[in-house]
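I opened this model today to look up a few things and note them down. The entries follow in the order I made them.

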Amino acid sequence: MSTEIYAVLSLGMRYVFTALGALIVLRAFLWLRRDRREKHERLRRLPDAGMIGELLPVPGAAGLPEDVCYAVPREGTLGAQRTCDVCIPAEGIAREHLDLSWQDGRGLRVTPLGRLTCLIDGEEVTRARPGWMAHGSTLAVGGALLRLRLFEGVEAEYRPRARAFDDEAADASAPDAWTPPEDAEEVEP
Amino acid sequence: MRRDERRARSREAGRRLCWAVMLFYFLAFLLLALRDMAWQGFALAAAVPAMIWLGTNLLPRLYPGDRLLLSLTNFLCALGVLVHYDTNPAYAYSQAVNYGIGLGVMVFCVWAVRLIRDWDWAMWPLTLGSLALLALPLLFGRETYGAKNWIYLGGVSFQSSEFVKLSLILSLAWLMSRRRALRWLAFTVACLGLLMLQKDLGTALLYFGTALLMNFAANGSLLQLGLGLSGGAGAALMGYRMFAHVKRRVAIWRNPWADYENAGYQLVQGLMAIASGGLFGVGIGLGSPTTIPVYHTDFIFAVICEQFGLIFGLCVLAVFVALIWRGATIAMAARSAFHGLLAIGCTLMLGLQTFVIIGGVIKLIPLTGVTMPFVSYGGSSLLSSMCLVGFIQGVASLNEDDLREDTRIAMAVEVGEP
């Protein structure tokens, strides 16, 4: 092809290439926007997405309002500062107090940070000896006493070592006992 | 919206984007082939769109990754092949081969992230191996453009720092997620020290910026970020005082016209190329991009602006922005700290590298000699960029698995399964 004809063709095609480039960018950003909307819709439909359960304050125990529950992610930190995944601003809880990590088939692994400690079902847990929580386990951290409730779909995969709810009914005479709701399912050991 | 509807809409959006990209490259390579009347041009006009189609439609069947990220990556890699074919066909063939290898390497990285959950066993080999790789150029390397960062082995040359950046991000993500501050700090400082000895300050800047921002993403500490920035500023000042070529680069950045025939020649030629392209470019195959020294690596963005115009240059920048935005979204959706940090680390590295090179070319910041991800000529650079995208894709595919699990759990609750 002669140089002159090529030059005319190339000069004409530059507008086409610019338009195609702009089209590619527009389609990419429309795709980003659409995915963002779908994400919001998904969060609305599955508000507990990524969470394995929640920590509920034990009724009668001091420190935390009883009508608040704290969603527990598969992996995260528990502490008093807002950047923690489970933020519990109670007295005695450090800014970053515990590491939480869910393991399928085992339970929720709790590892205190640094020299901090906590109690799981009355037993002390340290960084060197992490503890495990099951459905119904109690966690005493700082001045707060909490109980773990796993979501139903998560429980299906888990084979806990925890007590059954019938055992908890026997402890109902204790002032800080947590009474499960009437339709709660029995957890098989 | 149901999952199958979501998938159908995603596939439709992917198809539209893919067709636009394929049409662009078909027309561009056809035009260049008509200029030379060379069969290689016609072959590329068929092969490159086919590679894009395969890369965008076939690869997602191998893993449930992110199709938008894949489309954008394919666009940028093919742009590199196109621009190099325009200026030097030999570079284009090499780049096309590296692009093909890069797609395979990317899939490997995706599966590495999906399959390996515990990286503890790899930390010592990765960190010590990386330090050894960084030390190699000091012992056996050759000095190129003021930095001793290339290794030549049996006719093959590569930049070890391009591959060490992968192990740096992997190690930092794992060690930060496990709160082993001393180890990741020590590793980062050792890498930076070796890079300073090589005088590869551009790569040192990337490593430092990535480590600092990954730490901020890990713990949100503004104090540590401030301390890190102050330390970085101090190190930059020290570098300016210690290294003559740093002083030269800052002087050229401040006024390249003062010595436009010697030290400032490259930057001046780059700026003139961008200006001469105007809004729509001089036309592909026209102009004189080869007058810019090292046009195929450092100044590839100036070549793009000259040939295709400033508007298209901004479109390329917007594609990088979309890629970084997507990477950040994938990182935020990750369910574990390690995967989130891995994705954000890869995104930050790509983003910083793009900012540093484009900023240097347009005289926003002093030139540093890093390459433009995916587009610049060079196997090491292209393969390491594809690996970074592979890691991000791996995290995206795990996010898809988690989403599927969430939907299954939600449906189990609705149906009342125990």
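Entry 1, chain B overall. I am working from a predicted model. I looked up burial first: 55% of the 418 residues in chain B are buried. I then went through the secondary structure and found 15 helices and three strands in chain B. For contacts in chain B with a separation of 6 or more, I noted that 72% are between residues 24 or more positions apart.

Next I asked how many residues of α3(B) are buried. The count is 21 of the 21, so the helix is largely enclosed by the rest of the structure. At its N-terminal end I found a cap from D66(B). A side-chain oxygen of D66(B) lies 3.1 Å from the backbone nitrogen of L68(B).

I looked up which residues touch the most other members of the largest nonpolar core, which has 129 residues. They are F24(B), Y25(B), L82(B), L342(B) and F374(B). I followed up Y25(B): not counting residues up to four places away in sequence, it touches V48(B), P49(B), I52(B), F75(B), A78(B), L79(B) and L82(B). Another core, of 25 residues, lies apart from the largest one; among its members are L78(A), I88(A), V141(A) and L146(A).

I located T354(B) in helix α14 of chain B, residues 337-361. Is T354(B) buried or exposed? Its relative accessible area is 4%, and the cut-off for buried is under 20%, so T354(B) counts as buried. Leaving aside neighbours within four places in sequence, I list F320(B), G359(B) and P373(B) as contacts of T354(B).

I found 44 residues of chain A in contact with 56 residues of chain B. The area buried between the two chains is about 4500 Å², and carbon and sulfur atoms give 68% of that. On the chain A side, Y6(A), F17(A) and W31(A) lose the most area to chain B, together 17% of what that side buries.

Technical notes. Residues are numbered from 1 along each chain as its sequence is written. Chains are lettered from A and ligands numbered from 1 in the order in which they are written. This is a predicted model: local features need pLDDT of at least 70, side-chain atom pairs count only at pLDDT 80 or more; totals for chains, interfaces and linings use all residues. Side-chain values use heavy atoms; hydrogens and water are left out. Buried means under 20% relative accessible area, exposed over 50%, partly exposed in between (1.4 Å probe, protein chains only). Helices (H or I, at least four residues) and strands (E, at least two) are DSSP runs, numbered from the N terminus. A polar contact is a pair of N or O atoms within 3.5 Å; within protein, one must be able to donate a hydrogen and the other to accept it, and residues adjacent in sequence count only if both atoms are side-chain atoms. A nonpolar core is a set of buried Ala, Val, Leu, Ile, Met, Phe, Trp, Tyr and Cys residues joined through side-chain atoms within 4.5 Å. Contact means heavy atoms within 4.5 Å. Buried area is the accessible area (1.4 Å probe) that two parts lose on being put together, summed over both.
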